[in-house]
Amino acid sequence: MPRQRTFDLVIAANRLPVDRVVTPDGRSEWHRSPGGLVTAMDSVMRGREGAWVGWAGEAGEAPAPFEESGMWLHPVPLSEEELTTFYEGFSNDTLWPIYHDVIVPAHFHREWWQDYERVNERFAEAVCKVAAKGAKVWIHDYQLQLVPAMVRALRPDLRIGWFNHIPFPPVELFAQLPWRSRIIDGLLGADYLGFQRATDAQNFVRAARQLDGRATRGDTVTTQDADGTDRVVRASAVPISIDYVGLEELAKSDAVQARAAEIRTSLGDPDIVLLGIDRLDYTKGIRHRLKAYEELLAQDTFRPPEVTFVQVATPSRERVGAYKDLRSEVEATVGRINGTYSALGSPAVHYLHQSYPRDEMAALFQVADVMLVTPLRDGMNLVAKEYVTCRHDLGGALVLSEFTGAWHELQQAFVCNPHDIEGLKQTMLRAISTDPKDKRRLMRASRRRVAEHDVQRWADRFLTNLEMAPERPPAKGA
Ligand code: F6P
């Protein structure tokens, strides 16, 4: 039997950073997946020896562990049933709505919870298998909230951190969860808990105090280990970012510049290109954005071919009811807008239900005179940061919802409340008509913020916080 390889840094996330692709000649290859979490962690793992524990993206038996771009990938299996109950069910139809302000109703099913527990246990076991003695374990996101305590029970020697990529809900919403105490206990297995915004961290600390009777002090919660000793867990904000240098370099490349020019021409060289790039998710405010645009067209504020709106809506969680409903609604709205306002050869909306590689996104960003990032709720929204990073020409304008984590950092954007359709319309018009000189100034400030707070800094801050997190409460009288 080959000896089990172990590592000093172990990442655990629901998905592995690769997708299996079958080539035309029938060979199967692993390709880097395009998601934000993967891109972020990719640059973090560069130059560090580490392992990544996650699901390989296909139901059934997991492939054997393998090495890919200097990282050890340890697949965790999910059965077809668990895909429905753990992933689509509990993660994305129970937790996701609760953690995003209940924009759609959350569904509670005891069988979903049981499978959530079972799958979290499987992840915890896999983590313990690949973690060297005293290793750092970095667990990601809402799908794995029980893993911290499960890992601690198996391996008290490990240093355990968890980071939430999505919001953590106010206590009144979190309280709805029948399993709220179990989730708090699960998270308190960590040494350090990282969140996108200070409010998210405070929401967690408040939930631990009010719903679970834990003693809290500032940004810490006291918990008891199995042997009865007190242990302190810190919860604070470390907002995620992007690989600024890498993306800017890509955006400046001749190929991307040429592609941007090609896209603009293929759109009919309009005066104004509006752009939205989102996973097709009800949290992203795509319906509100389309409504505002439709009203502006109806009021004759502008018309194609002078203006066009490109909406990339990446397919996501397509078997979950709320996502199916959203798709039908968005596609009906796009059809209606195009039927009413398009000119021959100049559609009012270019709707693309597809996912694109990074270079195509970078080119699209350069074409966008106005980037519409209007979620109803979003942990961070890396698209906002990617857009300003790609605008090395200082062109364009970012319309940004105040309900994103990104807004807390990019305050020079044109802020909007996406629920306020009238306000959203005015903000879109302001983003179009503001003096280009002023827009360049705003863009420069946003770019500086992202350049100074890039993904590497985020990872360093998280790992330092994990290292420095207090373990024991201060001695009495200290
Ligand atoms: O951060 C939120 C998140 O669920 C990530 O875990 C994931 O990378 C992304 O959104 C896409 O979601 P999914 O893995 O469900 O396609």
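Into which domains is the chain divided? There are two: domain 1 covers 7-240 + 458-468, and domain 2 covers 244-453, with bounds that come from an automatic or database domain assignment. The model is a predicted one, so local features need pLDDT of at least 70 and side-chain atom pairs count only at pLDDT 80 or more, while totals for chains, interfaces and linings use all residues. Residues are numbered from 1 along each chain, as its sequence is written.

The C-alpha centres of the two domains sit 30 Å apart. Where they touch, domain 1 puts in 17 residues and domain 2 puts in 18; two residues count as in contact if their C-beta atoms, placed from the backbone, lie within 7 Å. On the domain 1 side, α1 (36-45) and α2 (80-99) each supply at least two residues. Helices here are DSSP runs of H or I with at least four residues, strands are runs of E with at least two, and both are numbered from the N terminus. The top contributor to that side is α2, with three residues.

Next comes the packing inside. The largest nonpolar core holds 147 residues, and V10, A12, V127, V137, L398 and V399 touch the most other members. Such a core is a set of buried Ala, Val, Leu, Ile, Met, Phe, Trp, Tyr and Cys residues joined through C-beta atoms within 7 Å. Buried means that 20 or more other C-beta atoms lie within 10 Å of a residue's own, exposed means 12 or fewer, and partly exposed falls in between, again with C-beta atoms placed from the backbone. Helix α3 (residues 110-130) provides the largest share of this core, nine residues. As for V137, its contacts beyond four places in sequence include V10, A12 and V127.

In domain 2, which spans 244-453, strand β14 (residues 307-314) runs parallel to β15, and four bridges join them; strands pair if DSSP finds at least two bridges between them. V312 stands opposite L352 of β15. To get from β14 to β15, the chain passes through helix α11 (residues 321-341) in a right-handed β-α-β crossover, meaning that, with the strands pointing away from the viewer, the path from the first strand over the helix to the second runs clockwise. Strand β15 (residues 349-352) has V349 and Y351 on its covered face, with H350 and L352 on the uncovered one.

Helix α12 (residues 358-367) is largely enclosed by the rest of the structure, because seven of its ten residues are buried. Those seven are M361, A362, A363, L364, F365, Q366 and V367, and they pack against α8 (244-252), α9 (254-266), β13 (272-279), β14 and α13 (382-390). A260, in helix α9, is buried too, with 21 other C-beta atoms within 10 Å. Setting aside neighbours within four places in sequence, A260 is in contact with A363, Q366 and V367.

A few backbone details stand apart. Most residues other than glycine have a negative phi, and most peptide bonds are trans. P304 and P305, however, are joined by a cis peptide bond, with omega about 10 degrees. R317, in the loop between β14 and α11, has a positive phi of about 45 degrees although it is not a glycine. L394 also has a positive phi, about 65 degrees, and is found in the loop between α13 and β17 (397-401).
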